[in-house]
Amino acid sequence: RGMWLSNSRLFILMMLGFAVGIFLASRFKFSADIVYYSVAVSVSFFALLYGAKWKKVVALALFLFCVAAGAWRLNSYNRESEFARVINEKTRWDGVIVADVDVRTDRQQLTFRPYGYNQNLLIFTTKWKKYSYGDRIVVTGKVTVPKQSDEFDYTSYLHRFNTYAILSYPQIFVVESGQGNSITAALLKMK
């Protein structure tokens with residue numbers, strides 16, 4: 001009879017499970033505990049039954065694992081903003097530029113992580129001063145949420161990059177340079 005689950009079918013099963021997990025997580029709110037429990041159960045079934053005669057049960061366990069992984073992936077980007085308490089307030093921040101500076105024709109965009117936070121702020125600023133990855137900066141400005149439009153979900157787009165709020169044209173003071181990851185800095189210099 002041969003193996004009923006070829007490598008290509010196994011791959012399709014896994015991708016389908018991942019897509020189903022993303023779909024379910026986008027439609028329903030799952031707590032992290034449910035997702036972790038689902039992963040633990042499916043991994044346990046897979047580990048206990050791998051190589052057994054019940055190949056369909058093993059495939060089902062793998063499918064459920066991929067569903068849970070897809071739900072976890074989407075939920076990891078749908079977190080609450082750490083900046084919610086300071087929206088529309090003028091605030092002073094100290095932190096580091098954590099990504100390559102995006103220079104546009106009319107402005108620069110800095111991905112900035114304040115000390116003590118796990119999420120980023122996107123800073124829009126003028127082009128006249130040069131900023132770099134790893135610069136430690138102090139910024140003072142009004143924190144806002146990204147503007148939404150009917151055509152594009154800008155908030156979700158920014159969440160993909162762990163960015164949850166915006167500072168438009170704040171005051172910026174560079175304290176020191178070279179505070180980022182040295183490997184990332186070297187790779188960015190080669191760019």
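## Salt bridges

A search through the whole of this predicted model turns up three salt bridges. Let's take them one at a time, beginning with the pair formed by D94 and R136. Their side chains meet with an N to O distance of 2.6 Å. D94 has a relative accessible area of 26%, so it is classed as partly exposed.

R136 has another partner as well: it forms a salt bridge with E176, where the closest N and O atoms are 3.5 Å apart. Here too, distant parts of the chain are linked, with R136 in strand 5 and E176 in strand 7 (residues 171-176), 40 residues apart. E176 counts as partly exposed, because its relative accessibility is 33%.

The remaining pair to describe is D102 with R104, whose side chains meet at 2.8 Å, N to O. D102 is partly exposed, with a relative accessible area of 28%, and R104 is also partly exposed, at 38% relative accessibility.

## Strand pairing around strand 1

Strand 1 (residues 90-97) runs antiparallel to strand 5 (residues 136-144), and seven bridges connect the two. Strand 1 also pairs with strand 3 (residues 108-114), again in the antiparallel sense, over three bridges.

On the strand 5 side, its bridge partner is I137. On the strand 3 side, G95 stands opposite P114.

## Aromatic pairs and a cluster

Now for the rings. Seven aromatic pairs are found across the whole structure. One of them joins F152 and Y157: the ring centres are 5.6 Å apart and the planes meet at 55°, so this pair is tilted. Both partners are partly exposed, F152 with a relative accessible area of 42% and Y157 with 34%.

Y157 also pairs with F161. Is that pair stacked or edge-to-face? The centres lie 5.2 Å apart and the planes are at 70°, so it is edge-to-face; planes over 60 degrees apart fall in that class. F161 has a relative accessible area of 42%, which makes it partly exposed. Taken as a group, F152, Y154, Y157 and F161 make up one aromatic cluster.

F124 sits in strand 4 (residues 120-125). Is F124 buried or exposed? Its relative accessible area is 10%, so it is buried, the cut-off being under 20%.

For P170, the spacing can be given in two ways: F124 and P170 are 46 residues apart in sequence, and their C-alpha atoms are 7.9 Å apart in space.

A71 belongs to helix 3 (residues 55-76). With a relative accessibility of 6%, A71 counts as buried. What does A71 touch, once residues up to four places away in sequence are set aside? Its contacts are G21, I22, A25 and V35.

A71 and V20 are 51 residues apart along the chain, and their C-alpha atoms are separated by 8.2 Å.

## A nonpolar patch on the surface

Finally, let's move to the outside. Y37, V41, F45 and V57 form a nonpolar surface patch, and their accessible area together is about 380 Å². Which helix supplies the largest share of this patch? It is helix 2 (residues 32-49), with three residues.

F45 is one of the patch members, and it lies in helix 2. Its relative accessibility of 44% places F45 among the partly exposed residues. That class covers the range between the cut-offs of 20% and 50%, which is why F45 is not called exposed although it belongs to a surface patch.

Technical notes:
Residues are numbered from 1 along each chain as its sequence is written. This is a predicted model: local features need pLDDT of at least 70, side-chain atom pairs count only at pLDDT 80 or more; totals for chains, interfaces and linings use all residues. Side-chain values use heavy atoms; hydrogens and water are left out. Two strands pair if DSSP finds at least two bridges between them. Helices (H or I, at least four residues) and strands (E, at least two) are DSSP runs, numbered from the N terminus. Patches are made of residues with over 30% relative accessible area and no salt bridge: like charges are joined within 9 Å, nonpolar side chains (Val, Leu, Ile, Met, Phe, Trp, Tyr) within 5 Å. Accessible areas come from the Shrake-Rupley method with a 1.4 Å probe; for residues, only the protein chains shown count as cover. A salt bridge is a side-chain nitrogen of Lys or Arg within 4 Å of a carboxyl oxygen of Asp or Glu. Buried means under 20% relative accessible area, exposed over 50%, partly exposed in between (1.4 Å probe, protein chains only). Rings of Phe, Tyr and Trp (its six-membered ring) pair if their centres lie within 6.5 Å; planes under 30 degrees apart count as stacked, over 60 as edge-to-face and the rest as tilted. Contact means heavy atoms within 4.5 Å.
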